[in-house]
Amino acid sequence: MTAVRKRRHQQALMVSLPPPLIPAAEFRHGNQLPASMLATSPDIGNLSDLEKLSILGHGSGGIVYKVSHRHTSSVFALKVLNTSAIPHHEEEILKRVNSPFIVQCHAVLYKDDDLCFVMEHMEMGSLHDVLLANRVLMEVVVAGVARCVLHGLQYLHGMQIVHGDIKPSNLLVNAKGDVKIADFGVSKVVGGNAMDDVSDICMGTCAYMSPERFDPERWGGGEGGDGFAGDVWSLGVVVLECLVGHYPLIGTEETPDWAALMLAICFKERPEMPDAASFEFCDFVGSSLPMRIPEQLRTHSQCRYMLAFMILCE
């Protein structure tokens, strides 16, 4: 079995997305680090150093621009947030993290009531954009994406940081195919043996929440839960979505409202795996999304991250 995994990892290094849909994107795979590690940040001391080129995206909390550095012509993403609408942890976390699997923050600037993050520009957009263009991804591509995100989570969790909102739109892809974790708006730093504020870690996107984030007391997140396993649960949902081409925990005919998502996540059995999925894929998803029985989940939630990482990277 190990030999099969090694062959698949080697094959995955050469896999690319269909050229007509995403011409420049080749996802990186295996345990290979991105070809270029973190770039040296130019001296960005003021917003006037940046020229707005276009809008990359926007939401309720702010807007993201594509910008160019006037002196070097380097391109960045400028994330502008109103200080009254953002959790205070994001700035702290972005200043701390430094990993090739995390979208790099080059500078933090302030203007009136706005907090501005000068971020690494990820040319291919998000994994959500990739899925819209391609519908489904081949398993070797999905495995490479999952491996990159798990390396990022391993780094974050080692820094005692819980991301709290792993989903396709928060996983960004650059032209080299590097997949990196972004958006720390609901992230938390774990202090000692307890979460600074366990209730806040239940923020995020409902569709990708683990059972213990929906109901910490019932599903094992309240007693001894550290929040880390919930990130891997979210990744398990993302991985399965990439392979089946739609959100996998409810039927395509169901309305994904809060009640339907809560029932699907907390009370339904683990979703069926695609017929063509390999044993390794099913094993990974099975470790990421354990059965929703409270006693089992309390056990699994403590080791889900370790199991999933070992299965994928052995």
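Q: What makes the link between the side chains of Lys-79 and Glu-90 a polar contact?
A: In this predicted model, the side chains of Lys-79 and Glu-90 are joined at 2.9 Å. A polar contact is a pair of N or O atoms within 3.5 Å; within protein, one must be able to donate a hydrogen and the other to accept it, and residues adjacent in sequence count only if both atoms are side-chain atoms. The pair is therefore called a polar contact. Local features need pLDDT of at least 70, side-chain atom pairs count only at pLDDT 80 or more, and totals for chains, interfaces and linings use all residues. Residues are numbered from 1 along each chain as its sequence is written, and side-chain values use heavy atoms, leaving out hydrogens and water.

Q: Why is Lys-79 called buried?
A: Lys-79 has a relative accessible area of 14%. Buried means under 20%, exposed over 50% and partly exposed in between (1.4 Å probe, protein chains only), so Lys-79 is buried.

Q: Why is Glu-120 called buried?
A: The relative accessible area of Glu-120 is 16%, and the limit for buried is under 20%, so Glu-120 is buried.

Q: What makes the pairing of Glu-120 and Lys-180 a polar contact?
A: Their side chains are joined at 2.7 Å, and the limit is within 3.5 Å, so the pair is called a polar contact.

Q: Which residues does Glu-120 touch, not counting residues up to four places away in sequence?
A: Among them are Ala-77, His-106 and Lys-180; contact means heavy atoms within 4.5 Å.
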